[in-house]
Amino acid sequence: MCRVTTLDRRTVLRGGLVAGVAVAGLGAVGVSGCSTGPSEEAITAERLIPLVRSALADEKSARSLAGAEPRYAAALAVVADQRAEHARALREEIIRLDQDVAATMDESAPSAAPAPAGPPTLVGLRAGLEKSSGEARDVAISLSGYPAGLAGSVAAAVTSMREVQLA
């Protein structure tokens, strides 16, 4: 938000000028603290929201598949638990970065792809994990500091789940 201060001619003539105040004609206008858009923290938080949604979707798929795929039940439980933990850690970071963005986290996301037609499958979960890993990798590359490390860790863990747990 911008704060605009208007000084009258008498204040200017008394020497009441302060740093950042511009003189124009008979008065002066100072502008300080202008914000031209979202903060860096808000932008970073917004970049993490899709990773939370992917983690929750992967968790849900893994849990629903556990009964249908007894051979992979233990591995699917690990995937579901780890993806739930990813969602929790990402949520905490979003909350830390920007409360306003965090408040929008649970709103439904615009969907570019239609929802799956039937129940989850192991092949579908593997494909979803591959997509989630790539998405987290791309976010990690675009960020810096702790959020980049968090997203990179999620990307590596999800790749491991797909390649090792569900091999």
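Figure 1. The axes of α3 and α6 come within 11 Å of each other and cross at roughly 170°. An angle over 145 degrees counts as roughly antiparallel, so α3 is roughly antiparallel to α6. On the α3 side, the contact is made by Ala 75, Val 78, Val 79, Gln 82, Arg 83, His 86, Ala 89, Leu 90, Glu 93 and Leu 97. On the α6 side, the residues are Tyr 146, Pro 147, Leu 150, Val 154, Ala 157, Val 158, Met 161 and Gln 165. Sorted by class, the residues of this contact are 13 nonpolar, 3 polar and 2 charged.

**Figure 2. Helices α2 and α3.** Helix α2 covers residues 40–66 and helix α3 covers residues 73–97. Their axes lie 8 Å apart, and the two helices pack at an angle of about 160°. This angle makes α2 roughly antiparallel to α3. The crossing of α2 past α3 is left-handed. In the contact of α2 with α3, 19 residues are nonpolar, 3 are polar and 8 are charged.

**Figure 3. Ala 84 in helix α3.** Is Ala 84 buried or partly exposed? Ala 84 counts as partly exposed, because its relative accessibility is 23%. Setting aside neighbours within four places in sequence, Ala 84 is in contact with Glu 59 and Arg 63.

**Figure 4. Helices α2 and α5.** Helix α5 is formed by residues 122–142. The axes of α2 and α5 are 10 Å apart, with a packing angle of about 160°. At this angle α2 is roughly antiparallel to α5. The two helices cross in a left-handed way. From α2, the contact includes Arg 47, Leu 48, Pro 50 and Leu 51, and also Ser 54, Asp 58, Ser 61, Ala 62 and Leu 65. Among the α5 residues in the contact are Leu 122, Leu 125, Gly 128, Leu 129, Ala 136 and Val 139. The contact of α2 with α5 has 10 nonpolar, 5 polar and 4 charged residues.

**Figure 5. Ala 151 in helix α6.** Helix α6 spans residues 145–165, and Ala 151 lies within this stretch. Ala 151 counts as buried because its relative accessibility is 0%. Which residues does Ala 151 touch, not counting those up to four places away in sequence? They are Leu 51, Ala 136, Val 139 and Ala 140. Leu 51 also takes part in the contact of α2 with α5, as do Ala 136 and Val 139. Ser 133 is 18 residues from Ala 151 in sequence, and their C-alpha atoms are 9.2 Å apart.

**Figure 6. The chain and the confidence of the prediction.** The chain contains 6 helices and 3 strands. Along the sequence, these follow the pattern β-α-β-β-α-α-α-α-α. Of its 167 residues, 32% count as buried. Among contacts between residues at least 6 apart in sequence, 74% join residues at least 24 apart. The mean pLDDT of the chain is 82, and 73% of the residues reach 70 or more. Over residues 1–31, pLDDT stays under 50. For this stretch the model has 35 contacts beyond four places in sequence.

Technical notes:
Residues are numbered from 1 along each chain as its sequence is written. This is a predicted model: local features need pLDDT of at least 70, side-chain atom pairs count only at pLDDT 80 or more; totals for chains, interfaces and linings use all residues. Side-chain values use heavy atoms; hydrogens and water are left out. Axes are lines fitted to C-alpha atoms, for helices over the stretch in contact, and angles run from 0 to 180 degrees between N-to-C directions. Helices (H or I, at least four residues) and strands (E, at least two) are DSSP runs, numbered from the N terminus. Angles under 35 degrees count as roughly parallel, over 145 as roughly antiparallel, 65 to 115 as roughly perpendicular and the rest as oblique. A crossing is left-handed if the near helix is turned anticlockwise from the far one by less than a right angle, and right-handed if clockwise. Ala, Val, Leu, Ile, Met, Phe, Trp, Tyr, Cys and Pro count as nonpolar, Asp, Glu, Lys and Arg as charged, and the others, Gly among them, as polar. pLDDT is the predictor's confidence in each residue, from 0 to 100. Contact means heavy atoms within 4.5 Å. Buried means under 20% relative accessible area, exposed over 50%, partly exposed in between (1.4 Å probe, protein chains only).
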